[in-house]
Amino acid sequence: MSEPIALLHRLIRTIPDFPQPGIQFKDITPILADGDGFRAAVDLFIAQIQDANVQKVVGIDARGFLFGAAVAYALGLGFIPVRKKGKLPWKTQHHSYTLEYGTNTVEIHEDAVSPGERVALIDDLLATGGTASAAVNLVRQLGGEVVKAIFLIELDFLGGRKNLTGIPVTTFLQY
């Protein structure tokens with residue numbers, strides 16, 4: 001295990017029974033609060049996309065914004081937020097997807113990605129892959145290409161990668 005990965009692993013806080021009984025929530029806020037930890041996480045994301053000829057970074061609401069915006073800034077790229085429905089102020093494209101108990105909808109500004117643009121998708125967690133898959137669909141609706149999907153944490157027992165078929169997926173911490 002590399003030193004940055006070991007540091008991140010030590011900083012993750014597991015909170016039992018949050019937000020409901022039986023869930024072992026992986027809290028990333030200690031990483032954000034630790035300068036070395038936050039830098040290590042951002043540097044790992046940067047290393048995954050700096051040579052991928054990416055024009056923009058897409059971050060998923062809300063913790064994907066924290067890492068994605070920092071990566072975009074460091075590489076001089078544009079940043080695109082994919083938000084929950086009703087949170088973006090201008091014309092949007094939306095995509096709905098099924099959750100275990102119901103549905104959710106995410107949106108992107110309709111001018112956020114130009115046809116042919118290569119983007120990297122960044123979020124803190126890959127669980128079932130529903131939200132990430134919806135974000136990929138939004139980029140594709142606009143004519144963009146998701147060339148990489150990168151997550152700080154993967155709950156691999158939930159099989160979220162299967163919803164991102166054809167896209168290289170990188171995760172740094174697996175549970």
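Trainee: So axes are lines fitted to C-alpha atoms, for helices over the stretch in contact, and angles run from 0 to 180 degrees between N-to-C directions. At what angle do α3 and α4 pack, then?

Mentor: About 65°, with their axes 9 Å apart. Helices here are DSSP runs (H or I, at least four residues), strands are too (E, at least two), and both are numbered from the N terminus. Keep in mind that this is a predicted model, where local features need pLDDT of at least 70, side-chain atom pairs count only at pLDDT 80 or more, and totals for chains, interfaces and linings use all residues. Residues are numbered from 1 along each chain as its sequence is written, and side-chain values use heavy atoms, without hydrogens or water.

Trainee: Is the crossing of α3 and α4 left-handed or right-handed?

Mentor: Right-handed; that label applies if the near helix is turned clockwise from the far one by less than a right angle, and left-handed if anticlockwise.

Trainee: Which residues of α3 and α4 meet there?

Mentor: From α3 you have F38, A41, V42, F45, I46 and I49, and they meet L66, F67, A70, V71, A74 and L75 of α4 (contact is heavy atoms within 4.5 Å). By class that contact has 12 nonpolar, no polar and no charged residues. Ala, Val, Leu, Ile, Met, Phe, Trp, Tyr, Cys and Pro count as nonpolar, Asp, Glu, Lys and Arg as charged, and the others, Gly among them, as polar.

Trainee: And how do α1 and α3 pack?

Mentor: α1 (residues 3–11) and α3 (residues 35–49) make an angle of about 125°, with axes 9 Å apart. That makes α1 oblique to α3, because under 35 degrees is roughly parallel, over 145 roughly antiparallel, 65 to 115 roughly perpendicular and the rest oblique. α1 passes α3 in a left-handed crossing. P4, I5, L7, L8 and L11 of α1 touch D36, G37, A40, A41 and L44 of α3. The residues of this contact divide into eight nonpolar, one polar and one charged.

Trainee: Switching topic: which peptide bonds are cis?

Mentor: F18 to P19 is cis, with omega near 0°, and P19 sits in the loop between β1 (13–16) and β2. A cis bond also joins D61 and A62, with omega about -5°; A62 is in the loop between β3 (56–60) and α4.

Trainee: What about the phi of D17?

Mentor: D17 has a positive phi of about 60°, though it is not a glycine, and D17 lies in the loop between β1 and β2. Most residues other than glycine have a negative phi, and most peptide bonds are trans.
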